[in-house]
Amino acid sequence: MSDRSDQALLQAHVDGDTEAFGELFARHRDRLWAVALRTMGNPEDAADGFQDGMVAAFRRAGSYRGEAAVTTWLHRVVVNACLDRLRAAKIRRLDALPDDVEDRGTVVASAVRDDQPDAVAEDTERRQRVLAALATLPAEQRAALVLVDMEGYPVAEVAAMLGCAEGTVKSRCSRGRTKLAALLADLQQEAGDQSGGNPPPDGPVQPTVRPRGPPAS
């Protein structure tokens with residue numbers, strides 16, 4: 001890996017450097033994959049959206065004008081590709097996540113307890129409940145929650161990624177949190193005072209560990 005900046009790598013790719021985009025991709029792939037996975041709701045559709053986004057970024061690199069950070073631009077391309085697939089197919093299902101994917105964005109975050117198999121099974125079931133609930137949200141609300149609450153991006157940056165006003169991002173997050181709170185009220189009740197409980201409607205979904213990268217092609 002070179003010490004070239006993201007912008008330098010993208011410009012080098014535009015100028016014909018055959019290795020520059022691969023380096024840029026490797027630098028940001030894990031977080032881009034996390035966003036695609038949370039937005040699409042299952043690994044198969046996430047892989048398709050992720051691939052669509054990266055192909056689009058590869059082909060449209062010349063359209064980058066530097067108004068935002070390269071990583072913001074990449075996220076926008078990937079998220080838009082995922083949203084396009086969601087709108088076209090009206091995907092609302094949630095398949096089981098691979099065993100090696102730790103859930104970074106859930107409201108029931110918990111540590112892995114290898115010596116407590118019952119607790120691990122319960123945590124896994126809760127993660128699936130949260131992801132299933134997330135999958136019921138409209139695509140735009142889901143994307144906003146993933147980027148703001150789960151990935152921790154500032155609202156202003158998410159607005160740039162989604163191509164909308166900051167107020168729109170805040171509104172989508174608020175409505176999404178309210179719906180999740182209603183769907184997951186029993187998990188909040190079970191969690192009690194533990195930090196893994198479901199947040200109030202105006203509180204963010206708390207991130208935990210980053211999921212591993214996309215499946216190798």
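Student: Which hand does the crossing of helix 2 and helix 6 have?

Tutor: The crossing is right-handed. Keep in mind that this is a predicted model.

Student: Which residues make the contact between helix 2 and helix 6?

Tutor: Helix 2 brings Val35, Arg38, Thr39 and Met40. Helix 6 brings Arg142, Ala143, Val146, Leu147 and Met150. By class, that contact has six nonpolar, one polar and two charged residues.

Student: Why is helix 4 called roughly antiparallel to helix 6?

Tutor: Again, look at the angle. The axes of helix 4 (residues 70–89) and helix 6 (residues 139–150) come within 10 Å and cross at roughly 150°. The cut-off for roughly antiparallel is over 145 degrees. The crossing passes it, so helix 4 is roughly antiparallel to helix 6.

Student: Which residues of helix 4 and helix 6 make that contact?

Tutor: From helix 4 come His75, Val79, Leu83, Leu86 and Arg87. From helix 6 come Ala139, Glu140, Arg142, Ala143 and Leu147. The classes are six nonpolar, one polar and three charged. Helix 4 passes helix 6 in a right-handed crossing.

Student: What follows helix 6?

Tutor: Gly152 does, with a positive phi near 80°.

Student: How do you know that Thr72 is buried?

Tutor: Thr72 lies in helix 4. Its relative accessibility is 5%. The limit is under 20%, so Thr72 counts as buried. Leaving aside neighbours within four places in sequence, Thr72 is in contact with Glu157, Ala160 and Met161.

Student: And what makes Val70 buried?

Tutor: Val70 also lies in helix 4. At 4% relative accessibility, Val70 falls under the 20% limit, so it counts as buried. Beyond neighbours within four places in sequence, Val70 is in contact with Asp6, Gln7, Leu10, Leu24 and Tyr64. The C-alpha atoms of Val70 and Asp6 are separated by 6.1 Å, though these residues are 64 apart along the chain.

Student: Why is the pair of Phe21 and Phe58 called edge-to-face?

Tutor: Two values decide. The ring centres are 5.2 Å apart, and rings pair if their centres lie within 6.5 Å. The planes stand at 85°, and over 60 degrees counts as edge-to-face. Both conditions hold, so Phe21 and Phe58 form an edge-to-face pair.

Student: What parts of the chain does the pair link?

Tutor: Distant ones. Phe21 is in helix 2 (residues 20–40), and Phe58 is in helix 3 (residues 43–59), 37 residues apart.

Student: Why is Phe21 called buried, and why is Phe58 called partly exposed?

Tutor: Phe21 has a relative accessible area of 8%, under 20%, so it is buried. Phe58 has 46%, between the limits of 20% and 50%, so it is partly exposed.

Student: How many aromatic pairs does the structure hold?

Tutor: Four. Ring pairs also link Phe25, Trp33 and Phe50 into a cluster.

Technical notes. Residues numbered from 1 in each chain as written. Predicted model: local features only at pLDDT ≥ 70, side-chain atom pairs only at ≥ 80, totals over all residues. Heavy atoms only, no water. Axes fitted to C-alpha atoms, helices over the stretch in contact; angles between N-to-C directions. Helix = DSSP H or I, 4+ residues; strand = E, 2+ residues; numbered from the N terminus. Parallel < 35°, antiparallel > 145°, perpendicular 65-115°, else oblique. Left-handed = near helix turned anticlockwise from the far one by under 90°. Contact = heavy atoms within 4.5 Å. Nonpolar A, V, L, I, M, F, W, Y, C, P; charged D, E, K, R; others polar. Phe/Tyr/Trp six-rings, centres within 6.5 Å; stacked < 30°, edge-to-face > 60°. Buried < 20%, exposed > 50% of the residue type's maximum accessible area, 1.4 Å probe, protein only.
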